[in-house]
Amino acid sequence: MSDPTRIEADYLIETTFEPRAAAEAMAGEQSSGTFVPVPGETPELKARSAARIEALDIQNGEIPQPSLPGSANPKGVADPIRRQARVTLSWPLDNIGPSLPNLVATVAGNLFELRQFSGLRLLDMRLPTAFAQGYPGPKFGISGTRRLAGVEALPLIGTIIKPSVGFGPEETAALTKTLCEAGIDFIKDDELQSDGPHCPFDERVRAVMRVINDHEDRTGKKVMYAFNLTGELDQMRRRHDLVLELGGTCIMASLNSVGLVGMVELGRFSQLPIHAHRNGWGYLSRSPVLGWSYVAWQKIWRLAGADHMHVNGLQSKFSESDESVITSARACLTPMFADKPCITMPVFSSGQSAKQAPGTYAGLESADLIVTAGGGIMAHPDGPAAGVSGLREAWEATLAGIPLGDYAREHPALAKALEARSA
């Protein structure tokens, strides 16, 4: 931030209007202006409260067709040129104060509906340090998560309870027992499993924690389990307290379900790491000319208190490119403020196995991550224990700079994991 009293946001816009005029419409809509002049919008008020255009970079090339429906053309122009541009707007902090809900209304409010645009996407934002002072940020982050999970250097090797729904509390606990005995570091509920009548939250937590606590008593290793407490505010507080009381070390919430205020309140209340799931992310991001970039989106959740954030995974079942996944993960590890970095642990998931370890590490340049593999662990030919070992061995080899094929010659679990994934 060049000016600690202003909020900045970067956008990609697509328009048939003169790009600066379109950017001025954005700035007016999201600050002191409206579609017609009003008497109270004096020069003094504009100087104090109006958004400013800080940068405008018109991209090369014309766009033959509108990327999104519903846009307008300038009056009297029969065949307008449609172009894209990168725009940076800024707002005075005094417009809203350090408020995350009102920040979202400012940087991502009515902009997307403006008829001047056939494409508009929020790419990034930079916030004054007042936001760092006003919000907790991650309470545990990487170091706290590693301490609670007992994992010092390697990524946390994890998995998801599958099938996603259908198991009751005792079946969930039985699978947890199998995974604990397999040497897993981390287990999470699926985002679809919260507090249904077939698997009530309280009963599931009690059954699972009996297994985890017994395993810790016998081995000294406490497996981190992220219980999905997604719900209304009072429900989430009560569920958090039960997990804490029974010795659990992680809770999970679905960001798009609980909303920003729900996450802020959970972040302030929680005494456990918060595993933040991004399910629903595609409707905010899948169009390249609409919605949010993850680089911008993840910042609000880090400030709200997310300790872990999903970023998808390399070569996954989803539409996202590997480049986008790595960019998202690196953003989670990039400090937001000099005095309060708000670093959160990226979570790689979806179709992950031993084979992605080298590419993930090469892109991220860090082992500070959680990798959750379902089939990569449970479908190993020699069972879940070998699946955990194979994935862990892949990361041992990667961090040591040894090709997986070479390491696999003396590590059968890794060898079979690689064979299974290439079959």
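Q: Why is Asn-228 called buried?
A: Asn-228 has a relative accessible area of 0%. Buried means under 20% relative accessible area, exposed means over 50%, and partly exposed lies in between, with a 1.4 Å probe and protein chains only. Asn-228 is therefore buried. This is a predicted model, in which local features need pLDDT of at least 70 and side-chain atom pairs count only at pLDDT 80 or more, whereas totals for chains, interfaces and linings use all residues. Residues are numbered from 1 along each chain as its sequence is written, and side-chain values use heavy atoms, with hydrogens and water left out.

Q: Where does Asn-228 lie, and which residues is Asn-228 in contact with, leaving aside its neighbours within four places in sequence?
A: Asn-228 belongs to strand S7 (residues 224–228). Helices (H or I, at least four residues) and strands (E, at least two) are DSSP runs, numbered from the N terminus. Contact means heavy atoms within 4.5 Å. With neighbours within four places in sequence left aside, the contacts of Asn-228 include Asp-189, Asp-190, Glu-191, Arg-204 and Met-252.

Q: What makes Pro-98 partly exposed?
A: The relative accessibility of Pro-98 is 38%, which falls between the limits of 20% and 50%. Pro-98 therefore counts as partly exposed. Pro-98 is found in the loop between strand S3 (83–92) and helix H3 (100–107). Residues up to four places away in sequence not being counted, Pro-98 touches Leu-93, Ala-130, Phe-131 and Tyr-135. The C-alpha atoms of Pro-98 and Gln-133 are 8.5 Å apart in space, while the two residues are 35 residues apart in sequence.

Q: Why are H3 and H11 called roughly antiparallel?
A: H3 packs with helix H11 (residues 294–304) at an angle of about 170 degrees, and their axes are 11 Å apart. Axes are lines fitted to C-alpha atoms, for helices over the stretch in contact, and angles run from 0 to 180 degrees between N-to-C directions. Angles under 35 degrees count as roughly parallel, over 145 as roughly antiparallel, 65 to 115 as roughly perpendicular and the rest as oblique. H3 and H11 are therefore roughly antiparallel to each other.

Q: Which residues of H3 and H11 meet, and how many of them are nonpolar, polar or charged?
A: From H3, Leu-100, Leu-103 and Val-104 meet Ile-300, Leu-303 and Ala-304 of H11. The contact of H3 with H11 has 6 nonpolar, no polar and no charged residues. In this classification Ala, Val, Leu, Ile, Met, Phe, Trp, Tyr, Cys and Pro count as nonpolar, Asp, Glu, Lys and Arg as charged, and the others, Gly among them, as polar.

Q: What makes a set of residues a nonpolar core, and how many residues has the largest?
A: A nonpolar core is a set of buried Ala, Val, Leu, Ile, Met, Phe, Trp, Tyr and Cys residues joined through side-chain atoms within 4.5 Å. The largest has 104 residues, and those with the most contacts inside it are Tyr-11, Leu-100, Val-107, Phe-131 and Met-263. Another core, of 13 residues, lies apart from it and includes Val-151, Met-224, Val-347 and Ile-370. In soluble globular proteins, nonpolar side chains tend to be buried together.

Q: How do you know that the chain is as compact as a globular protein of its length?
A: The chain has 17 helices and 13 strands. Its radius of gyration is 24 Å, close to the 22 Å that the globule rule gives for 423 residues, so the chain is as compact as a globular protein of that length. The radius of gyration is taken over C-alpha atoms, and the globule rule is 2.2 Å times the number of residues to the power 0.38. Buried residues make up 55% of the 423 residues.

Q: Why is Asn-312 buried, and why is Glu-365 exposed?
A: Asn-312 has a relative accessible area of 5% and is therefore buried. Glu-365 has a relative accessible area of 57% and is therefore exposed. Asn-312 lies in the loop between S11 and H12, and Glu-365 in the loop between H13 and strand S13 (370–372). Phi is near 75 degrees for Asn-312, a positive value in a residue other than glycine. For Glu-365, likewise a residue other than glycine, phi has a positive value near 60 degrees.
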